[in-house]
Amino acid sequence: MGRHAGRSHTRPGWPVARRWSTLVGQSGGSCRPWKVPRALIRTDLSQWNLSHSILAHRATTYTLDRYLEREDTKWEHAREICQDYGYHDFHDQPWHFRLIRWLYARAWFSNERPFVLFEHAMAWLMQHKVLLPGPTTLERLIGTIQERSTTRLWQMIGGSLTPTQQQHLDDLVRAPTPNRQSPLDRLRKPPTTPTAVGMLAGLQRLKAIRDLGIAAHPIPMVPAGRLKTLARYAMGARAQAIAALQNPRRLATLRACAMQLEASAHDDVLDIFNQIINALFLSNETQKQKARTRSLSDLDAAAMQLQAVCQMLLDQQYADSEVRPRIFHDHDPAHIAAAIATVRNLVQPKHEPFEAQLDGTYPHLRRFLPTLLETINFDGTLSGKPVLAALQFLRALDAPNPPKLHHAPTEVVGARWRRLVLDSGQVVDRQFYTFAVLERLHQSLDRREVFVSPSERWGDPRAMLLKPDAWESVRTHICRTLGRLRDPHAELALLGTQLDEAYAETAKNLPENPGVRIEKINDHDRPIITGLDKLDDPLTLKQLRSEIQARMPRADLPEILLEINAMTGFADEFTHLSEGGTRATDLSLSICAVLLAEACNIGLEPLVNQSNPALTRERLAWVQQNYIRPETLTRANARLVAAQATIPIAQAWGGGEVASVDGLRFVVPVRTINAGGSPKHFPRQRGVTWYNGISDQNMGFNAIVIPGALRDAPYLLNVLLEQQTHLQIKEVMTDTAGYSDIVFGLFWLLGYQFSPRLADLKDMRFWRLDPKADYGLLNDVGRHTISTKICNGQIPSALPMGLSSRCV
C-alpha cells in the first residue's frame, strides 16, 4: 500500500493507474503517450478489477513492447515502486549500517558459519524491506565482517601478552628433538587412572600449566564461546600445525589453549578425587554387603535356635520353675551361647561405623591429600564455608607448626562420624576427622557448595550469570543476536497467548483422544498416556526387505569409500596443515586408506603396499600426520551431508530441517578417567555415550562423546549448535533422557522447536502464567504458576541465590 494506504476509497485505482500512465508516458518519447481516462481513475471500487484488466491490456498492446527503448525508464519506475511501498536500497543509510552492526554482533558472539550468516542476513533484509543485493555482494560483506571480527579477537587475546609470556607459549609447540613430544602434547594428555598415582600426575600437570603464568589472567570483553572454539581447535590440533600459524593467530590460539588446559586439569583432578571417594565408601559398603551375604546361612541357623528357645520361654504350659530345666534339656547351653555370639557378630547396628572397613585406607589417602590441599584453591558459597574452614585446618596440620586437634572445626562432622571423631566435644582422632571432612567435601562438590575456578564441570554455576551492570552493557547486542525484544513484558505476553491457546486446544480435544486420560494420583490430576501396541511387520514389508537385500551389490569397504570420493570429492577437504598445496599424486587414495585404517582401528600396516606410491608406509604416515585433523574431518563430513541432500530419495525423506538426537552406550577397553560406570549398561566395566544427531535425510550431522551414562539433556544443544553442515535444523526430537524444562526454554530462546517423545507424563509438571485462567479438565494438571516477577528481572533481595540463578 505504501504512502497511499490512507487515501479515500473514491480513487482506489490511483497508485497503479498512475504507475501505468508513467510507464507509457516515459517510454522514450517516440511513441504516442496514452493517457488514462479520468473516469477510469475515479471508478468505483467494485469495478476496479475490470478496469485494471482493460488498462493492463491496452498498456501491453501499445507500449510494453517498446518499454526498454529508454534506459532510465526501468530505474525510475523501480524508484517509484520503492517509494510507494517503503523499500530501501541496500546501500541506503541507516539501513546499511544497521545491517553491518547486526551482522558484526552475530559474528562476534556466535562464530556462525558464513552460510548461516547469509541466510540470517537475507531474512533481516526482507524483514526490514531492504532490496536484496547480488549474492556475491552479500557474501563479500559477510566475509569482510567475519575476517574483521576474527582479527580483532586474535589481537585482543594475544595482544596483551608480555614478551616473556609469548616466549613461554612458543616453547610449548617446540619439541626438543623430532622424535620426542612437545610440551603441549604432554600437557594435553590427561591422567588415565583414578588412583593415587593418577591424582599425583594430574596435580603435577596442573602445576606445570600454572607455571606458564598465562592462564590466571582473564581476558575481558572476549566472548566465552569464541574463546572456547579457539581452545577446542588448539586442544585437538597437532603442535606442528599450531606452530605453523602466523601471528597474532598463533599466540591467541596458544593462550586460549593454556586457559582451557587449566580448566580441564582442574576437572581431571576433581574427577579422580570423586572416583576415589566413591570407590572408598561404596566399595566398603559393597564389601560389607558381600560379607553379610556369605554369613546369612550361619545367621539363619543361630536365629532358628534362638527362636526355639524363646518359644519355650513364652510357652504358658510350663511353670516358671520348669522353663530353665526344660530349655537346657532340649538345647545344649554351649550351642545357645554360640548362637548368641553368632548373632552378636553378624547383626549390624542401625548406625554401624566404618572403622572396620576403613582400616588401611588412610595411608592411601595421605599419598595425595597434602598435595591436593596445597595445589587446589577451593572456594564456596555461604553453605560451603564450614567445609572450606575444615580443609584449611587439614592443610595447616601439615605445616611446620601444626595446630592442636581440639581446635579443629567440627561443624562438618556428621552424625555417623561423631562417635569416632569426637569424645566429649574434643577432637581425638585425626584419621577419622580426615575421612569425615573428605566425605563432606565430596557431597559439597556435587551440590556446588564448594567449587574451583577455572573449571567446566566443577566450577561456580553463578559465574556464568551477568551482574546487572554487565548485562545492561551487552543486553542490546544479545537481544539483537537472538532476535528477541528488549522488553520482557512483550515476550511474556506472546508466550502467554501461545500457552493459553495450547491449553484450550488440548482441553477441547482431550475427551475425544483415547490415548490420554486424566487420573487422580495423590490428590492431584495427572495425565496418563496409553502405551502403543506392538505391531508386527506385515508380510509385504518382509518380502520388500528380502528383495532389496537380494538386489544390494556386494562390495568391499575400500571400493565403497573410493566410489563415494569419486562422486563427492570429499577428500579435497583434507588440506595440509600448512594450508599450502601439494604435488603428491593420488593423494585422495592415500587419504581414503588412512581414513579406513583409523575407522576400522586396524592401523596402517594392513593397507601398506610398497609397490603403489600412494600406499607406501612413508606416504600413509605423512598423510596421517599432516592431513587428518578435526577441522578437515568436519569439512569432509559437511560435504558428504551436502551431497546426500541432492539425492531425490533423500529429498523425499525430508528437507533437512528436522533431526533426531539419541545416544549409544559403548564399553571403553582402555584406561581413562573420562569413562564412567553404569549399573544398567555396563555394571562391571566403564564406558561412554556416543550422542549422535541424524537429520530427516538420514545423515549424521554431528556427534559428541559423553563420559559414562550421564543424562543426555545437558548435551543436546552442543550437538545442535556445534554442527558445521549446511543443514538448518529447526526441530529436534529426543527421548525422555534428552528432556528437561530448562532445555525447553533454551530451545525457544534460540529459535528452535523442541519435540521430545516422552515415555509418560504423570511425573511431569505443567505450568501456567495466569493463575485464574480456566482450562477445563486441565485446571488441576496445570496448577503450577510461573513467577513473572522473576522473569521480568524483579527479583526480591531475600530470594535465595540458587533460586534466582536458576530463574535468571
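Visitor: What volume does the largest cavity have?
Guide: The largest cavity has a volume of about 50 Å³, the space filled by probe spheres set on grid points joined across faces, edges and corners. This is a predicted model, where local features need pLDDT of at least 70 and side-chain atom pairs pLDDT 80 or more, while totals for chains, interfaces and linings use all residues. Residues are numbered from 1 along each chain, and side-chain values use heavy atoms, without hydrogens and water.

Visitor: What makes a space a cavity?
Guide: On a 1 Å grid over the protein atoms alone, a 1.4 Å probe fits but cannot get out. Three cavities of 30 Å³ or more are counted.

Visitor: Which residues line the largest cavity?
Guide: The lining is D525, R526, P527, L761, K762, M764, R765, F766, V781, R783 and H784; lining residues have an atom within 4 Å of a point. Strand β6 (residues 524-529) gives the most, with three residues. By class, five lining residues are nonpolar, one is polar and five are charged.

Visitor: Why is α19 called oblique to α21?
Guide: Helix α19 (residues 385-397) and helix α21 (residues 430-447) pack at about 140°, with axes 10 Å apart. Oblique is what remains after under 35 degrees (roughly parallel), over 145 (roughly antiparallel) and 65 to 115 (roughly perpendicular). Therefore α19 is oblique to α21.

Visitor: Which residues of α19 and α21 meet?
Guide: V387, A390, L391, F393, L394 and L397 in α19 meet R430, Y433, T434, V437, R440, L441 and S444 in α21, with contact meaning heavy atoms within 4.5 Å. By class, this contact has nine nonpolar, two polar and two charged residues.

Key
1 Å grid on protein atoms, 1.4 Å probe; cavity = no way out; pocket = protein on both sides within 12 Å on 5 of 7 lines; lining within 4 Å. Helix = DSSP H or I, 4+ residues; strand = E, 2+ residues; numbered from the N terminus. Nonpolar A, V, L, I, M, F, W, Y, C, P; charged D, E, K, R; others polar. Axes fitted to C-alpha atoms, helices over the stretch in contact; angles between N-to-C directions.
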